[in-house]
Amino acid sequence: MKELKKSVRNITEVIVHCTATPAGRDVTVADVDRWHRQRGFAGIGYHYLVALDGTVHAGRDVDIAGAHCRGHNRNSIGVCYVGGLDAARRPADTRTPEQRGALRGLLAALKRLYPGAVVRPSSEATATLPPRPAPVLTQPTNMPAYETSDLYRGICMPADGVVPHNAQG
């Protein structure tokens with residue numbers, strides 16, 4: 001992974017998303033950019049996209065607020081991995097071994113750049129927001145609920161003041 005650019009914004013959160021696409025379906029930055037433009041965004045809302053092969057792709061410039069997590073965009077970095085649904089389109093941990101390694105590396109690098117930032121899944125970040133009318137989407141927005149148990153292990157230590165809500169061990 002190449003060196004990451006540090007944002008001029010005050011980053012207090014790193015929020016992890018999935019594309020909510022079936023396991024093994026390849027999704028590119030161009031695909032997500034198109035989906036987000038269809039929703040009325042100025043372009044891809046995530047700052048980083050982790051492909052099935054573990055390649056970390058740049059999305060929106062980190063100096064520009066994301067469009068990935070209502071109520072949290074101003075001071076966050078949005079990370080998205082490809083996948084998140086099983087063949088029946090139910091939330092599932094579909095991350096490949098390459099994605100797992102790349103996510104751990106990316107999140108660790110982001111924690112070094114923004115040591116005070118809290119790393120959390122999008123489902124946790126939006127849990128306290130009031131509901132809003134559901135948009136008409138071409139992509140589902142389910143977020144697998146499994147991920148904080150192992151995605152952050154070794155990255156968000158209790159010394160950081162960050163303990164994922166369902167962390168185990």
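How many helices and strands does the secondary structure of the protein come to? The count is 4 helices and 7 strands, taken as DSSP runs numbered from the N terminus (helices are H or I with at least four residues, strands are E with at least two). This is a predicted model, in which local features need pLDDT of at least 70 and side-chain atom pairs count only at pLDDT 80 or more, while totals for chains, interfaces and linings use all residues. Residues are numbered from 1 along each chain as its sequence is written, and side-chain values use heavy atoms, with hydrogens and water left out.

**Figure 1. Overview of the elements.** Starting at the N terminus, the elements of the protein follow the order β-β-α-β-β-β-β-α-β-α-α. Of its 169 residues, 49% count as buried. Here, buried means under 20% relative accessible area, exposed means over 50%, and partly exposed is in between (1.4 Å probe, protein chains only).

**Figure 2. Strand S1 and its two partners.** Let's step in to strand S1, residues 13–18, where 6 of the 6 residues are buried. In a regular strand the side chains alternate between the two faces of the sheet. Both faces of S1 are covered: one side carries Glu13, Ile15 and His17, the other Val14, Val16 and Cys18, and all are buried. S1 runs parallel to strand S5 (residues 76–81), to which 6 bridges join it; strands are said to pair if DSSP finds at least two bridges between them. Within S5, cysteine 80 is the bridge partner of histidine 17. S1 also runs parallel to strand S7 (residues 118–121), this time with 4 bridges. There, arginine 120 of S7 stands opposite isoleucine 15.

**Figure 3. The largest nonpolar core.** In soluble globular proteins, nonpolar side chains tend to be buried together. A nonpolar core is a set of buried Ala, Val, Leu, Ile, Met, Phe, Trp, Tyr and Cys residues joined through side-chain atoms within 4.5 Å. The largest one holds 22 residues, and those that touch the most other members are Val14, Tyr48, Ile77, Val79, Leu106, Leu107 and Leu110. S1, strand S3 (48–50), S5 and H2 each give two or more residues to this core, and H2 gives the most, with 6 residues.

**Figure 4. The second largest pocket.** Rolling a probe the size of a water molecule over the atoms shows where empty space is left. On a 1 Å grid over the protein atoms alone, a cavity is a set of points where a 1.4 Å probe fits but cannot get out, whereas a pocket is an open set with protein on both sides within 12 Å along at least five of seven lines; lining residues have an atom within 4 Å of a point. About 260 Å³ of space lies in the second largest pocket, the volume being the space filled by probe spheres set on the grid points, which are joined across faces, edges and corners. The lining has 15 residues, and the closest to the pocket centre are Lys2, Glu3, Leu4, Tyr48 and Ala58. Strand S4 (residues 56–58) gives the most to this lining, with 3 residues. By class, the lining has 7 nonpolar, 3 polar and 5 charged residues (Ala, Val, Leu, Ile, Met, Phe, Trp, Tyr, Cys and Pro count as nonpolar, Asp, Glu, Lys and Arg as charged, and the others, Gly among them, as polar).

**Figure 5. Two residues with positive phi.** Most residues other than glycine have a negative phi. Alanine 20, in the loop between S1 and strand S2 (21–22), has a positive phi near 55 degrees. Alanine 20 is buried, at 1% relative accessible area. Arginine 89, in the loop between strand S6 (84–85) and helix H2 (97–113), has a positive phi of about 65 degrees. Arginine 89 is partly exposed, with 40% relative accessibility.

**Figure 6. The loop between S4 and S5.** Glycine 66 belongs to this loop and is buried, with a relative accessible area of 8%. From glycine 66 to glycine 78 there are 12 residues in sequence and 6.5 Å in space, C-alpha to C-alpha. Arginine 74 lies in the loop between S4 and S5 too, but arginine 74 is exposed, at 69%.
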